[in-house]
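I opened this model to look up its confidence, its ring pairs and its charged contacts. Here are my notes, in the order I made them.

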Amino acid sequence: MDQLRGLGHAVTDELERFVRAEGRIEPDDPAFDRGIDLFKGGYLDSLGVVHLVAHIEDRYGIVLTDDELSDPGFVSVDGIGAVVEAAVRRAGLAG
């Protein structure tokens, strides 16, 4: 369980790097931050979401449930990070 402590920052940092690369977001984009709605803001499209989910599941060894994918927070880097962290913890406790 100790290896899961502090996971949130590492997950969110890694997800931000992935989203920036996938969405081709410039490092100095003044509108982008970890709280912005990635879809309404035009940072990710439907294919980007597919890539993001595949990346998350591959990187963290989890399968996101329908409830996790439809979580209201699954629209921003911070929100997605929280969903992923909870899913990793759930998987860690189950396995």
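**Confidence.** I began with pLDDT, the predictor's confidence in each residue, from 0 to 100. The protein has a mean pLDDT of 90, and 88% of its residues reach 70 or more. Over residues 1-5 the pLDDT stays under 50, and the model has four contacts beyond four places in sequence for them; contact means heavy atoms within 4.5 Å.

**Ground rules.** This is a predicted model, so I kept in mind that local features need pLDDT of at least 70 and side-chain atom pairs count only at pLDDT 80 or more, while totals for chains, interfaces and linings use all residues. Residues are numbered from 1 along each chain as its sequence is written, and side-chain values use heavy atoms, with hydrogens and water left out.

**Rings.** I looked for aromatic pairs (Phe, Tyr and Trp rings, the six-membered one for Trp, with centres within 6.5 Å; planes under 30 degrees apart are stacked, over 60 edge-to-face, the rest tilted). I found one. The ring centres of Phe32 and Tyr43 are 5.2 Å apart and the planes stand at 75°, so I noted the pair as edge-to-face. Both Phe32 and Tyr43 sit in the loop between H1 and H2, 11 residues apart; helices here are DSSP runs (H or I, at least four residues), numbered from the N terminus.

The cut-offs are under 20% relative accessible area for buried, over 50% for exposed and partly exposed in between (1.4 Å probe, protein chains only).

**Salt bridges.** I searched the whole structure for these (a side-chain nitrogen of Lys or Arg within 4 Å of a carboxyl oxygen of Asp or Glu) and got six. One of them joins Arg34 and Asp13, at 2.4 Å from N to O. Arg34 lies in the loop between H1 and H2 and Asp13 in helix H1, so this pair ties together parts 21 residues apart in sequence. Arg34 is partly exposed at 22%, and Asp13 is partly exposed at 31%.

Another bridge joins Arg59 and Glu14 at 3.8 Å, N to O. That pair links helix H2 with helix H1 across 45 residues. Glu14 is buried, at 9%.

I also noted Arg89 with Glu85, where the closest N and O atoms are 2.8 Å apart. These two are four residues apart in helix H4 (residues 77-94), about one helical turn. Elsewhere, salt bridges that share partners join Asp13, Glu16, Arg20 and Arg34 into one network.

**Glu16.** Last, I checked Glu16, which is in helix H1 (residues 7-22) and is buried at 15%. Its contacts, leaving out residues up to four places away in sequence, are Phe32, Arg34 and Val77.
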